[in-house]
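Dear colleague,

My notes on what was found follow below it.

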Amino acid sequence: MPGQKLSVVVTRRLPEAVETRMSELFDVELRDDDRPMSRSDLVAAMNRADILVPCVTDHIDAGLLGQAGEKLKLIANYGAGVDHIDVHTARQRGILVSNTPGVVTEDTADMTLALILAVTRRIPEGLAVMQAGKWDGWSPTAFMGGRIGGKRLGILGMGRIGQAVARRAAVFGMQVHYHNRRRLHEDIEADLEATYWESLDQMIARVDILSINCPHTPSTFHLMNARRLKLMKPSAVIVNTSRGEVIDENALTRMLRSGDIAGAGLDVFEHGKDVNPRLRELDNVVLLPHMGSATVEGRVEMGEKVIINIKTFNDGHRPPDLVVPSML
């Protein structure tokens, strides 16, 4: 394939700078609008492209891959998470999968702290009162939230983003605790001043704020199920900027409504854009539309990584961000 101008199909609108560069390098098919492709559109794209550039909204399962054409050799995902792609089936069919790790780390960690502050300091409630013109002036007992300095933050998933959250939390004077599939090296742990918990259950029961920063895999689906949610203190807050499937959303909603959990800040949801309507009714919940990586810089860098992966593949080399089943 080296030397050929690859046929590339992009499933969503990307930043203009990324689309322009792709057009210069490849025979690229861009979207006229930003609506997600239908399943039949994806099948058609996978039959006419050498490279498919999907996003998190494109669910590329075994059934879809079974209808892919012989031309398709690389799925260059625009995003770090690949839980929407059946990587095992893709590899069995000789299709490589790449992603864009690392570039959204700082942006997502920023959003995690923003949600922690928004929930604990009741920022959306204050904003709503101001926008409605209903503020009657300062009061000693109005909009009282909680101080985060000195609180215990539990981080579930201590990868790049989890560690970035830990560094920010330390600046705010929080005590950092974490649970991870593998314990961090002692030097990293010491640098972060983080306490490791082998037992997730024991950590959950003791923290004031729980931050979800692990990927969605079969082993993390509903990791925060009803039983584990019940272990949290009634005064505790849960924040999720990772993947919605990690939390049993119905169980969380019930506990927030009953006051068994004090609050939640959610940037992701179990069923994507189909958010549990009961969550919208709660004053102790802050909901955002998957904005964790939504910075100009981050989205352009994601596109640059996609381009590098495609260009490297076209040059006959292994894409630098190749995803293999053992990584999942």
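Of the contacts in the protein with a separation of 6 or more, what percentage is accounted for by residues 24 or more positions apart? The share is 61%, though please keep in mind that this is a predicted model, and that the values here are computed from it.

As for the overall build, the protein has 13 helices and twelve strands, and its C-alpha atoms fill a box of roughly 70 × 50 × 35 Å when this is taken along the principal axes. The radius of gyration is 21 Å, which agrees with the value near 20 Å that a compact globule of 328 residues would have.

Turning to burial and surface, buried residues make up 50% of the 328 residues in the protein, where buried means under 20% relative accessible area. The protein exposes about 16,000 Å², and 51% of this area is supplied by carbon and sulfur atoms.

Rolling a probe the size of a water molecule over the atoms shows where empty space is left. When the whole structure is searched, one cavity of 30 Å³ or more is found, and the largest cavity holds about 40 Å³ of space. Its lining is formed by Asn-240, Gly-244, Ile-247, Glu-249, Leu-252, Leu-266, Val-268, Phe-269 and Glu-270, and these lining residues divide into five nonpolar, two polar and two charged.

With best regards

Conventions: Residues numbered from 1 in each chain as written. Predicted model: local features only at pLDDT ≥ 70, side-chain atom pairs only at ≥ 80, totals over all residues. Heavy atoms only, no water. 1 Å grid on protein atoms, 1.4 Å probe; cavity = no way out; pocket = protein on both sides within 12 Å on 5 of 7 lines; lining within 4 Å. Points joined across faces, edges and corners; volume = space filled by probe spheres on them. Nonpolar A, V, L, I, M, F, W, Y, C, P; charged D, E, K, R; others polar. Helix = DSSP H or I, 4+ residues; strand = E, 2+ residues; numbered from the N terminus. Rg over C-alpha atoms; globule rule 2.2 N^0.38 Å. Buried < 20%, exposed > 50% of the residue type's maximum accessible area, 1.4 Å probe, protein only. Contact = heavy atoms within 4.5 Å. Areas by Shrake-Rupley, 256 points an atom, 1.4 Å probe, with all protein chains shown as cover.
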